[in-house]
Each structure stands twice: as C-alpha cells, then as structure tokens.
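Open the model in your viewer and keep the selection tool at hand.

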Amino acid sequence: MSSLAFSVLFVVFFVLTLGLRFWLANRQIRHVLRNRGAVPAEFAPKIALETHQKAADYTVARTRFGIAALLWGGLVLIGFTLLGGLQAISNALLPLAGPGMLHQILLVVAFAVVSGVLDLPFDYYRQFVLEERFGFNKMSRGLWLADMAKGALLGAAIGLPLLWVILKLMETTGSLWWLWVWCVWSGFQLLMMVLYPTVIAPLFNKFTPLADDSLKARIEGLMARVGFASKGLFVMDGSRRSAHGNAYFSGFGAAKRIVFFDTLIERLAPQEIEAVLAHELGHFKLRHIVKRMVVMFALSLAFLALLGYLKEQSWFYTGLGVTPLLDGPNDAMALLLFALVLPIFTFVLGPLNAITSRKHEFEADAFAAKHSSADDLVSALVKMYEDNASTLTPDPLHSAFYDSHPPASVRIAHLNAAHLSAAAA
C-alpha cells in the first residue's frame with residue numbers, strides 16, 4: 001500500500017466514524033427530549049416526573065458536551081497525525097536525546113503531557129460545571145488537583161518501567177516481538193488485578209470495613225449460599241468525589257474484596273444491597289470475568305500481531321504524517337500511531353461487544369433473582385437509575401453502540417418476568 005492510499009483510507013474512516021458518532025449523539029438528544037414530558041408507564045408509580053426530566057436534561061447535557069469533546073478530539077487526532085504534531089515533537093526531542101531509547105521514552109512522555117494539557121479544560125468542565133450543575137460533584141478543586149498529581153506520579157512509576165520493557169522487547173526479540181510483549185502485557189494486567197484493591201485504590205479513596213453487623217451478616221449469608229470467598233467487605237468514601245453510587249468486587253484470587261460506595265449504603269435498604277451484590281457475584285460465579293479476560297487477551301494478541309506487521313511498513317508512518325527514523329528505532333512512534341488510529345477503524349464494531357456484555361447482564365440478573373430477590377433488585381435498580389440520573393428512554397441505536405447494560409425498561413421487564421416465573425413455580 002502506498003502512503004497516499006493509507007492517508008486516504010484513514011481520512012475516509014475518520015470522517016465516517018466522526019459522522020456516525022455525531023449522528024448517534026443527535027439521535028440520542030432527539031429521542032430523550034421527545035420522551036421528556038412523561039415517565040414511561042412501567043416506571044410511573046416509582047419515578048416522579050421531575051426526576052425523569054432531570055435525568056433527561058442530564059443525559060442531553062452530557063451528550064452535547066460529548067459532541068464538543070468529540071469534535072475537539074478529532075481535531076487533536078488530525079493535529080498529531082496528518083498535520084505533523086507527533087513529527088514535530090520527535091524532531092524537537094532528537095537533538096536532546098539522540099535516536100535511541102531515551103528519545104523513544106521522551107516521545108511517549110511528551111505525547112502524554114501534551115494530550116493531558118489539551119484535555120484539561122474538558123476534564124475541568126465535566127467535573128466542575130456539568131456534574132456541579134446537576135448536583136453530582138462533591139470534589140473540591142484541591143482534591144481534583146491532588147488526584148491528578150497522584151495519577152501522574154503513579155502512571156510514571158508504573159508506566160515508565162513497563163514502557164522500557166516493551167520497547168526493549170520490540171528492539172531485541174526479532175520478528176516475533178509482539179508475542180513476547182503480549183506475554184508481558186498479559187502478566188502485567190493480572191498483576192494489576194492483584195495489586196489494585198490493596199495498593200493502588202487506597203491511594204485515592206478511603207476503605208473502611210463494613211460496620212453494620214446486620215448487613216454484614218446478610219451479605220455473608222449470600223456469599224455462603226453462592227460459594228464466594230472474599231478478603232473482606234469494605235465501604236468506600238465515594239461521596240468525597242461524587243453523589244453517584246455503586247457496588248463492585250475487585251481483585252483476583254485471594255485478593256478479592258467487595259466494595260460498596262458509601263452513597264449506596266445510605267440510599268438502599270439492606271435487602272436491596274444484597275440483591276445488587278448478588279448481581280455482581282453472578283458475574284463471578286458465571287465466569288463472565290474470566291470470559292472477558294480471555295477475549296481481552298485474545299484481542300490484545302491480535303492487535304499486537306497487526307502492529308508487528310504495520311511497524312515494518314513505511315506507508316504506515318508516512319501515511320499518518322510521520323517520517324520514520326533511518327538511524328534509530330521507530331517502535332515508540334509505531335505504538336503511539338497505532339493507539340491513536342485504532343479506535344477510528346474499530347468503532348463500528350462496538351455493538352458486537354455490547355451484545356455479549358448485555359447477555360452477561362441478563363444472566364447476572366437471573367442469578368441475583370435466584371439467590372436473592374428479583375423484586376429487591378428491581379427496587380434497587382430504580383433507585384440507582386433515579387440517583388444517577390440515568391435516562392429511562394435512551395435511543396436504542398445509540399444505546400447499542402455505547403451502553404454495556406440493557407436499557408432500564410428491558411432489564412426490569414426481564415427481572416419482572418423472572419419474578420413471575422419463580423412465583424408460579
């Protein structure tokens with residue numbers, strides 16, 4: 001393939017992807033506004049019109065903000081590639097570092113810094129304007145800056161050694177470097193699953209053992225029924241940052257721990273918390289986590305193999321506005337270009353992932369209905385939709401591309417059917 005042909009191919013996919021995402025966003029806005037005036041009949045007894053309209057307004061505001069961020073992201077992508085942004089950064093670093101490992105690492109660091117600075121106004125607006133307007137932001141600007149500093153330091157402490165290993169493997173292990181990198185990357189992912197709950201997460205949030213003895217006994221009874229062993233039950237101070245609530249379990253092997261947002265504990269009744277946790281445990285017991293990991297590892301292997309081919313093609317660089325070095329390695333540049341353009345070529349495949357994810361959600365709901373109560377899970381979901389201002393009327397096509405969970409009406413209809421089936425039995 002010639003560099004011109006690849007440039008044209010990239011531009012075609014860029015325009016198509018950007019156009020599709022704009023079209024989906026506008027469908028979402030129109031659909032939500034069209035249904036803003038009335039609560040869906042199945043939710044009318046439980047959701048007030050004012051609450052439904054707040055969710056609609058929040059969804060529309062987020063989607064409009066997403067359109068602006070999408071346009072900015074598209075301009076930044078073209079700036080880094082076809083307009084020569086990455087080439088300019090590389091040229092500026094060459095006299096300082098020379099064509100070697102230091103140049104490659106500095107290139108990735110400089111890209112990360114520039115990208116972060118360019119995204120900063122949008123991150124600030126999202127947190128302190130959009131989330132603030134709808135009452136969800138609980139984070140001070142000092143905490144926001146502290147989180148950003150911690151994230152940068154943690155990213156450097158973990159990411160730079162990993163980057164050095166990957167670049168070294170790309171340089172020294174021959175044509176099958178991508179297989180060695182995949183092994184390292186997969187091992188790193190597994191290691192992070194072990195370290196995240198006990199080492200990384202506590203750097204950002206406070207985790208305290210669940211103190212409510214009656215709730216603790218209820219949850220331990222559920223875990224005994226389904227055969228789940230946990231390292232502990234913890235409450236996270238999510239209210240320091242947001243009014244949104246959730247529950248999850250994290251970790252791997254003996255490091256598994258169950259975490260509840262304090263906002264969730266305050267809002268839901270004990271039987272509802274049990275039902276929400278039963279859903280999360282369903283993902284574990286039905287091996288959804290393992291299945292997702294297998295898919296993730298398989299995709300990462302396939303993409304690395306593709307990068308192994310593209311890295312050796314001059315048109316891959318020149319077609320994206322970069323002149324590859326003749327007297328030094330281009331591995332870091334190949335990684336950056338691949339990471340930048342891959343979403344453009346794969347966005348259209350989004351619904352395939354959503355199909356599998358939604359299937360897992362229905363299965364986890366059925367598991368929760370079997371081991372706790374479908375009615376309690378429905379009640380909890382309605383409260384969580386209400387508290388998180390999640391729209392009850394998303395556009396179906398937009399939801400198919402962006403939502404890993406089924407729409408509220410579909411999900412709750414499945415749970416009600418499970419409840420009726422269990423009652424009949």
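What volume does the largest cavity have? In this predicted model, the largest cavity has a volume of about 70 Å³. To find it, select its lining: S90, H103, Q104, L107, V322, T323, L325, P329, N330, D331, A332 and M333. Helices α4 and α12 each supply at least two of the lining residues. By class, the lining has 6 nonpolar, 5 polar and 1 charged residues.

Next, select I47, T51, H52, A55, Y385, E386, S390 and L392, which line the second largest cavity. About 50 Å³ of space lies there. The largest share of this lining, 3 residues, comes from α2, and α14 also supplies at least two.

Stay with α14 and select residues 374-387. The helix reaches 20 Å from its first C-alpha to its last, close to the 20 Å expected for its 14 residues. Colour A374, L377, V378, A380, L381, V382, M384 and Y385: these are buried. At the start of α14, zoom in on S373, where a side-chain oxygen comes within 3.3 Å of the backbone nitrogen of D375. Just after the helix, A389 has a positive phi of about 50°.

Finally, go to the second largest pocket, with a volume of about 640 Å³. Select I166, W185, L304, L335 and A339, the closest to its centre of the 18 lining residues. Helix α10 (288-310) gives the largest share of the lining, 6 residues. The lining divides into 17 nonpolar, 1 polar and no charged residues.

Note on methods:
Residues numbered from 1 in each chain as written. Predicted model: local features only at pLDDT ≥ 70, side-chain atom pairs only at ≥ 80, totals over all residues. Heavy atoms only, no water. Helix = DSSP H or I, 4+ residues; strand = E, 2+ residues; numbered from the N terminus. Expected span 1.5 Å × (residues − 1). Buried < 20%, exposed > 50% of the residue type's maximum accessible area, 1.4 Å probe, protein only. Polar contact = N/O pair within 3.5 Å; in protein donor to acceptor, adjacent residues only side chain to side chain. 1 Å grid on protein atoms, 1.4 Å probe; cavity = no way out; pocket = protein on both sides within 12 Å on 5 of 7 lines; lining within 4 Å. Points joined across faces, edges and corners; volume = space filled by probe spheres on them. Nonpolar A, V, L, I, M, F, W, Y, C, P; charged D, E, K, R; others polar.
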